[in-house]
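Work through the exercises below with the sequence and the structure at hand. Each one sets a task and then gives the solution in steps.

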Amino acid sequence: MAMEGMQQNPQRPRPSRRRRRRRKKHILLKALAAVFAVCSLFVLGEKVLLPLLTDPAPQKAGVDLDDLYSAHAILMDLASGEVLGEKNSADTMYPASLTKIMTAILALEHTEDFGEMVQVPEDIFPPLYAQNASMAGFQPGEEARLNDLLYGILLPSGAECCLTFAERIAGSEEGFVVLMNDKARELGMENTHFTNCTGLHDPEHYSTVEDIATLLRYALQNERFRDMFTSGRYSTLPSQQHPDGFTFHSTMFQCMDTTQVTGGEILGGKTGYTEEAGLCLASLAQVNGREYILVTAKADGDHETEPFHILDAIQVYDQIGEAASMR
């Protein structure tokens, strides 16, 4: 029996045409919102979540550059360029043979045939001998392959190799220095000024560890530069002066008993020294699957003392590995 005031099996009124259109529109908007949400989750996973899983973040915690022998230092993540620690990194210093990083990358960028043979100019040697410049071992007038001379710049820090390229590329060292300073401005090395291609001391030849780190990060993008920078030794082709060729060694690796550091290893480096610059080092290391650049300058000591610049590098890279192991 039906209750009073209620109808049994009432007929629901048919919605108007306008209400039906509004309802369809509402359903469509909800569907579009759902599609957008799915797409957003995909982008989040692709751009944020996936890198977090595959690309470990730079290690910041526990890295202290204050307690180093070197007066200037900067630690940089190679991939991102993020500075992870610094000590007087923007203060002017003398770069000594770290200068040759610029010389080498310009030599690479201005060379097409690395197998080309050139003559090492005889007239460059007397001034280099007088200044006690670092030499790779090529002799005046020796015919040498350009690739051999390139390794001679970075491994034994050969000044004769630098000047051979400078004269070949720009006609003179002065002309090559113009290219060096132009490149420095292009890279944003605002506190750098070069007067020579070897790093021999000149009061007007200066830089900062911050600028050198910027330069090294750029140079390491060049595959041939990276191969040379990370090599421990290299043997030249035979020549008239060296019938069996000769071998030179990295000035950094020859001062190290091991390249291993906590969680990784030191991959390569370029040393520098003058009395005014102190001991300098620009190095590359891989720790816990990530690569780092460390540039230090003006550590006390010389070629006869402990390699304080290399000890600093080992200490910093060890700190990175130890900090990661404690997480």
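**Exercise 1. Cysteines**

Find how far the sulfur of Cys 162 is from the closest cysteine sulfur, and decide whether the two are bonded or too far apart.

Solution. The model is a predicted one.
Step 1: the closest cysteine sulfur to that of Cys 162 belongs to Cys 197, and the separation is 5.2 Å.
Step 2: a disulfide needs two cysteine sulfur atoms within 2.5 Å, so the sulfurs of Cys 162 and Cys 197 are too far apart for a bond.
Step 3: applied to the model, this rule gives a count of 0 disulfides.

**Exercise 2. Burial of two cysteines**

Sort Cys 162 and Cys 255 into buried, partly exposed or exposed.

Solution.
Step 1: the cut-offs are under 20% relative accessible area for buried and over 50% for exposed, with partly exposed in between.
Step 2: Cys 162 has a relative accessible area of 0%, so this residue is buried.
Step 3: Cys 255 has a relative accessibility of 40% and therefore counts as partly exposed.

**Exercise 3. The surroundings of Ala 299**

Describe where Ala 299 lies and which residues it is in contact with beyond its neighbours within four places in sequence.

Solution.
Step 1: Ala 299 is part of strand β10, residues 290-299.
Step 2: its relative accessible area is 2%, so Ala 299 is buried.
Step 3: with neighbours within four places in sequence left aside, the contacts of Ala 299 are Tyr 69, Ser 70, Gly 278, Leu 279, Phe 308 and His 309.
Step 4: Ala 71 is 228 residues away from Ala 299 along the chain, yet their C-alpha atoms are separated by 6.1 Å.

**Exercise 4. Two pockets**

State the volume of the largest pocket and of the second largest pocket, then describe their linings.

Solution.
Step 1: the volume of the largest pocket is about 510 Å³. Its lining has 28 residues, and those closest to the centre are Ser 134, Gly 272, Tyr 273, Thr 274 and His 303.
Step 2: strand β8 (residues 264-274) supplies the largest share of this lining, 5 residues. By class, the lining of the largest pocket has 16 polar, 8 nonpolar and 4 charged residues.
Step 3: the second largest pocket has a volume of about 190 Å³. Among its 14 lining residues, Pro 127, Leu 128, Gln 131, Leu 163 and Glu 173 lie nearest the centre.
Step 4: α3 (125-130) and α5 (159-170) each give at least two residues to the lining of the second largest pocket. That lining divides into 5 nonpolar, 5 polar and 4 charged residues.

**Exercise 5. The cavity**

How many cavities of 30 Å³ or more are counted, and which strand gives the most to the lining of the largest cavity?

Solution.
Step 1: the count is 1 cavity of 30 Å³ or more, and the largest cavity has a volume of about 40 Å³.
Step 2: its lining includes Met 117, Phe 138, Arg 145 and Thr 236.
Step 3: strand β4 (residues 143-145) gives the most, with 3 residues.
Step 4: this lining has 5 nonpolar, 2 polar and 4 charged residues.

**Exercise 6. Nonpolar cores**

Which residues touch the most other members of the largest nonpolar core?

Solution.
Step 1: the largest nonpolar core has 67 residues, of which Met 102, Phe 138, Leu 149, Phe 225 and Val 295 touch the most other members.
Step 2: a second, separate core has 21 residues, including Leu 65, Ala 73, Leu 84 and Val 316.

Definitions and conventions:
Residues are numbered from 1 along each chain as its sequence is written. This is a predicted model: local features need pLDDT of at least 70, side-chain atom pairs count only at pLDDT 80 or more; totals for chains, interfaces and linings use all residues. Side-chain values use heavy atoms; hydrogens and water are left out. On a 1 Å grid over the protein atoms alone, a cavity is a set of points where a 1.4 Å probe fits but cannot get out, and a pocket is an open set with protein on both sides within 12 Å along at least five of seven lines; lining residues have an atom within 4 Å of a point. Grid points are joined across faces, edges and corners, and a volume is the space filled by probe spheres set on the points. Helices (H or I, at least four residues) and strands (E, at least two) are DSSP runs, numbered from the N terminus. Ala, Val, Leu, Ile, Met, Phe, Trp, Tyr, Cys and Pro count as nonpolar, Asp, Glu, Lys and Arg as charged, and the others, Gly among them, as polar. Buried means under 20% relative accessible area, exposed over 50%, partly exposed in between (1.4 Å probe, protein chains only). Contact means heavy atoms within 4.5 Å. A nonpolar core is a set of buried Ala, Val, Leu, Ile, Met, Phe, Trp, Tyr and Cys residues joined through side-chain atoms within 4.5 Å.
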